[in-house]
Amino acid sequence: MAIQRVQPADGDQPDRWEAQLRKGALEMAALASLWQGRLYGLEIIRFLESHSQLALAEGTIYPILNRLKAEGLLTSEWVEAEAGHPRKYYSLTEAGRQRLKQMAEAWTNFSGGLSRLLEPVIDRKENHQ
Amino acid sequence: MTAETQIDSYLTALRTHLGPLTISEREEIVREINAHIRDSAEEPGASVESVLARLGPAEELAAQYREGFLIRQASRSNSPIVLLRGALRLATKGVFGTLIFFLGLFGYMMGGGLFLTGILKVIFPANTGMWFKDGSFVFCGSSITPPGPPAYEVLGMWCIPLALFAGSLILVLTTAAIRASLRASQSWQSKL
C-alpha cells in the first residue's frame, strides 16, 4: 500500500507529505466521481470541488485519468457536443468498480482507525487555544 | 496575445514536452486539454488566462503524463534495452528498483554469456567447455588458453545444446522477472 510510502520522514516537509496524501486520495476520488455514470474531465473536476474539500490544481486530474485508463480501470469515448468540439467521457470498467470497492473499504477502515488515534491530539490543541 | 494564440502556444508547448509518448497518445492528450481550456473558459467569470494559470505550466503538465509512461511501456516490451531503461527509472524510486535493475543486468549477462559459449563451441571446439581436475571443477566457458592435462573436459559436444538451452532459459526468466516487477510497481502506485 502506498500509504507506507507516504512518510512524514523529514519534520520540515509537512507540505510534501500532505501533497502525497492528496495525490493518493485523488485517484480514489476520480474513480468515485464516476460511480454514477460517465463524466468528462471538467465535470469530474467540478464534481470533486462540490462534493469534497479536494482543492486541486486542474492540471493534475488529467494525467491521473490517463494512467487509470492505461491500467484498465477506466474506459473513454469521444462524444460530439453542442460546444463545437468533442469531449472525452470517462466511465468505470468492471475492474475499476471492483478496485474502487476495495479502495473504499480499505480507506474507511484506515481513516476510522486514524481518527480515533488522533482524537486526543486534536482535543489538546483545542484546549490550548 | 489574443486568446487563440495563447491557447495555441500552450498546446504547442504541451505537445513538445510530451515527446516520448506515441503520436496517437500525444494527440489525444492535446485534444482533451484543448477541450478543457475551451469549456472552462466559457464558464462565468473565467478567461483563457485564468484557465491556463489553473492548469499550470505546460511543461509540468506534460511531466505528470510522462511520469510512469516509461515504466508502463517497458512492462509490455521484450527488448532488454527498453526493459533495463524501465528498471532504471524504477531504480530512481527506491531500493527495490535498484535491486531489480542489477538483477536484470546480471541475468542478461549470464544468459548472453552462456548463449555465446554455445556458439563459440562450434567455432573453437578445443577452447570451449567445462573442465574438471581430480573430480573438482576447474573452469567453464571459452578461453584462449584452456586448462591442459591433468584437467579434462567433460561435456564434449553436449556443451552446445546445454549452453544454448540454459542461456535461453535465463534470458527468458530475466525478461519475465523484470516485466513482472514493473507491473507490480504500477499496481502499488495505484493502490491508495
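Student: What is pLDDT, and what does chain B average?
Tutor: pLDDT is the predictor's confidence in each residue, from 0 to 100. This is a predicted model, where local features need pLDDT of at least 70, side-chain atom pairs count only at pLDDT 80 or more, and totals for chains, interfaces and linings use all residues. Residues are numbered from 1 along each chain as its sequence is written, with chains lettered from A and ligands numbered from 1 in the order in which they are written. In chain B, 96% of the residues score at least 70, and the average is 85.

Student: In chain B, where is confidence lowest?
Tutor: Helices are DSSP runs (H or I, at least four residues), and strands are too (E, at least two), numbered from the N terminus. Confidence in chain B is highest in α2 (residues 23–41), at 92. The lowest mean is 76, in helix α5 (residues 69–74) of chain B.

Student: Which element of chain A gives the most to the side that touches chain B?
Tutor: Residues are in contact if their C-beta atoms, placed from the backbone, lie within 7 Å. The contact takes 26 residues from chain A and 23 residues from chain B. Among the elements of chain A that each supply at least two residues are α1 (14–33) and α4 (94–128). With eight residues, the top contributor is α3(A).

Student: What is the strand order of the open sheet in chain A?
Tutor: Strands pair if DSSP finds at least two bridges between them. Six bridges join β2(A) to β3(A), which run antiparallel. The edge strands, each pairing on one side only, are β1 (39–40) and β2 (74–79) of chain A. The order is β1-β3-β2.

Terms used: Two residues are in contact if their C-beta atoms, placed from the backbone, lie within 7 Å.
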